[in-house]
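Here is a short briefing to read alongside the structure.

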Amino acid sequence: MNALDQARRIIAEALALPTDLAPMDGSMETLPEWDSIGHVRIVLAVEAAIGRPLPPDAMLGAIDVPSVAALLD
Amino acid sequence: MFAHVPASARVVDARTGETFDRAALAAAIHDRAVALRGGGATRGDRVAVAHGSPAGMLIDLFAIWRIGAAAVLLSKNITASERANVIATVRPALWVGPVEDGHLPHLPPAEPASGASLASAADELDDATLDAPALILMTSGTTATPKGVVHSRRSLAARIALNIAHIPPDALAETLSLLPMHFGHGLIGNCLTPLLAGTRLHLMPDPGPIGLARLGPLIDAQGISFLSSVPSLWRVAMKTSPKPERGSLQRVHVGSAPLSVELWRAIMDWAGTEHVVNMYGITETANWIGGHDAAEAPPADGLVGRAWGGAIRVIGEDGALRDRGRGEVVVATPGLMQGYLDQPTLTDVAIRGGWFLTGDTGEIDADGRLSIVGRLKHEINRGGIKIPAEEIDLLLERHPDVVEACAFAHPDPISGETIAVAVVLRAEASADEAALRQWCRTQIRAEAVPEYIRVVEALPRNERGKLDRRRTAELFQTRRSMPAE
């Protein structure tokens, strides 16, 4: 699974979206489920996937599918 | 009510940095009262307010009180379906918010910056008695008869006066409000209390993930001394934001959801103060009934301390009121609601002999301190927002493909609880879980949309044939005997 698809899956699971994969253009702006609580769920899932905590800047920058994928790369 | 706000009070929009002093607020309230009257609202009416302008909502509220009407504060996320139901139940004379309703007089949200007209030199007084309904807070929106909690000026003034008496004045000097303003906790505790204390109120409701990730620097930049919030907000902020470094925070309140000892201590460490207070508050009592300050005695699970005015008792197994021991928690407080809107029978069930039955179970220790140990109501507490499970049941049972639904709380490490529902579909149903969830989004405010919907063949019942909500939740969590279709 490439990083983009992994990011879409992580976002979908973290936000309990009704689909397996979040839409490619899914973001903090377009997904109503991506609120503060959902954001932390995504951050925690990314940290679990990469095996280390994210620095604050990275948490702030994870705002859409590509930026989450970049953290997984 | 605004006549009681001291001259030192300030309101700051934390996003824009705009500051409104008392004179500017008074002018805006004056203008708004004129606009409300021009829109057809008058003494004794109800005016619904549903928008996301924080300073504008305060101005709308005080203006509604100025004309002697009652304010019905609603979520800015209210759906068209909920709006129709609330309008049918509340029958407001006027709707204030961005969404026009073709059948109701309507005003856009108040614009605080427009308060440029000349306010009268002397304060104008509210055109209402102390016991006239002043504030109606809806605790559900989609069910056939939404439940509205009615507070009078008297109950609000009593609650705020008690809050001010129990919080050191210096602590409130620079107050930050991060909570929605259509709940008692955010509005009465975190906004009206500091305003009536004459301090500076920084408004940033609904800060979002980015706002919370900058909470520490914001506290430093504004010299924030006090804020109140919910446990889930702290889980997010402490994960994503650096700590404040300047030591301005003097006091933190946490309420609206259970606070674990671990989280309590973590907040004390992050905030840099021992004065982290676990609050006990209920909409029906105009928010805080009491609280426990960790600086007085070490934190303990569920410990919410002594009453802030009034009295707290438990009902023993023999049905008698007791000031020690375990049982359902009941409270007598001058902040008690008048009742549920147009539902006298429901009010009579909730208030007996002046005591409000909270639906929580608790234990009062030998020192008179209350600990909450459980709850009797079927309420789902999602990040401090309480959603009656029955409201979700009834919502889904309105869907043409659903025979029966059972909602329950599903544990969650961030929000405390999420909303899960088991549903039984008709044999010829075409809807699936995704479709049901999408339908819910069109029917109910975002914060009450279930995270999980599971289609099941049948719902568990007890020996009397009654829906067994606890068993349904257990089956959901163990994923046994509840095959998804």
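The C-alpha centres of domain 1 and domain 2 of chain B lie 28 Å apart. Please keep in mind as you read that this is a predicted model.

- The domain assignment places domain 1 of chain B at residues 2-373 and domain 2 of chain B at residues 379-478.
- Where they meet, 18 residues of domain 1 of chain B are in contact with 16 residues of domain 2 of chain B.
- On the domain 1 side of this contact, α3 (80-90) and α8 of chain B each supply at least two residues.
- The biggest contributor to that side is α8(B), with 4 residues.
- Sorted by class, the side of domain 1 that touches domain 2 in chain B has 10 polar, 6 nonpolar and 2 charged residues.

**Where chain A meets chain B**

- Contact between the chains involves 14 residues of chain A and 21 residues of chain B.
- The residues on the chain A side divide into 10 nonpolar, 3 polar and 1 charged.

**A closer look at helix α2 of chain A**

- With 15 residues, α2(A) reaches 21 Å from its first C-alpha to its last, close to the 21 Å expected at 1.5 Å a residue.
- Buried residues of α2(A) include A:Ser36, A:Ile37, A:Gly38, A:His39 and A:Val40. A:Arg41, A:Ile42, A:Val43 and A:Val46 are buried in this helix too.
- The cover over these buried residues comes from both chains: it includes α1 (3-14), α3 and α4 (65-72) of chain A, along with α6 (208-213) and α8 (231-240) of chain B.
- After α2(A) comes A:Gly51, which has a positive phi near 75 degrees.

**The seven-stranded sheet of chain B**

- In chain B, 7 strands form an open sheet with mixed pairing, in the order β6-β5-β3-β4-β7-β8-β19.
- Its edge strands are β6 (106-107) and β19 (339-340) of chain B, each of which pairs on one side only.
- Strand β3 (46-49) of chain B runs parallel to β5 (94-96) of chain B, and 3 bridges join them. Here B:Val47 stands opposite B:Leu94.
- β3(B) is also parallel to β4 (70-73) of chain B, this time over 4 bridges. In that pairing B:Arg46 stands opposite B:Ala70.
- In a regular strand, side chains alternate between the two faces of the sheet. In β3(B), B:Arg46 and B:Ala48 point one way while B:Val47 and B:Val49 point the other way, and all are buried.
- Helix α4 (153-166) of chain B lies across β7 (133-138) and β8 (148-152) of chain B, and runs at about 75 degrees to β8(B).

**Strand β1 of chain B and its partners**

- β1 (10-13) and β2 (19-21) of chain B pair in the antiparallel sense over 3 bridges, with B:Val11 opposite B:Phe20.
- The hairpin of β1(B) and β2(B) has 5 residues between its strands, and B:Gly17 takes a positive phi near 85 degrees there.
- β1(B) also pairs with β10 (200-203) of chain B, in the parallel sense and over 4 bridges.

**Single residues to look up**

- Most residues other than glycine have a negative phi. A:Ala16 has a positive phi of about 55 degrees, and B:Ala286 has a positive phi near 60 degrees.
- A:Ala16 lies in the loop between α1 and α2 of chain A. This residue counts as partly exposed because it has 19 C-beta neighbours inside 10 Å, while a buried residue needs 20 or more.
- B:Ala286 sits in the loop between β13 (276-282) and β14 (287-293) of chain B. Is B:Ala286 buried or exposed? B:Ala286 is buried, because 31 other C-beta atoms lie within 10 Å.
- A:Glu13 belongs to helix α1 of chain A, and its 15 C-beta neighbours inside 10 Å make it partly exposed.
- Along the chain A:Glu13 and A:Met1 are 12 residues apart, and their C-alpha atoms are separated by 16 Å.

Terms used
Residues numbered from 1 in each chain as written. Chains lettered and ligands numbered in written order. Predicted model: local features only at pLDDT ≥ 70, side-chain atom pairs only at ≥ 80, totals over all residues. Contact = placed C-beta atoms within 7 Å. Nonpolar A, V, L, I, M, F, W, Y, C, P; charged D, E, K, R; others polar. Pairing = 2+ DSSP bridges. Expected span 1.5 Å × (residues − 1). Buried ≥ 20, exposed ≤ 12 C-beta atoms within 10 Å, placed from the backbone. Domains from an automatic or database assignment. Axes fitted to C-alpha atoms, helices over the stretch in contact; angles between N-to-C directions.
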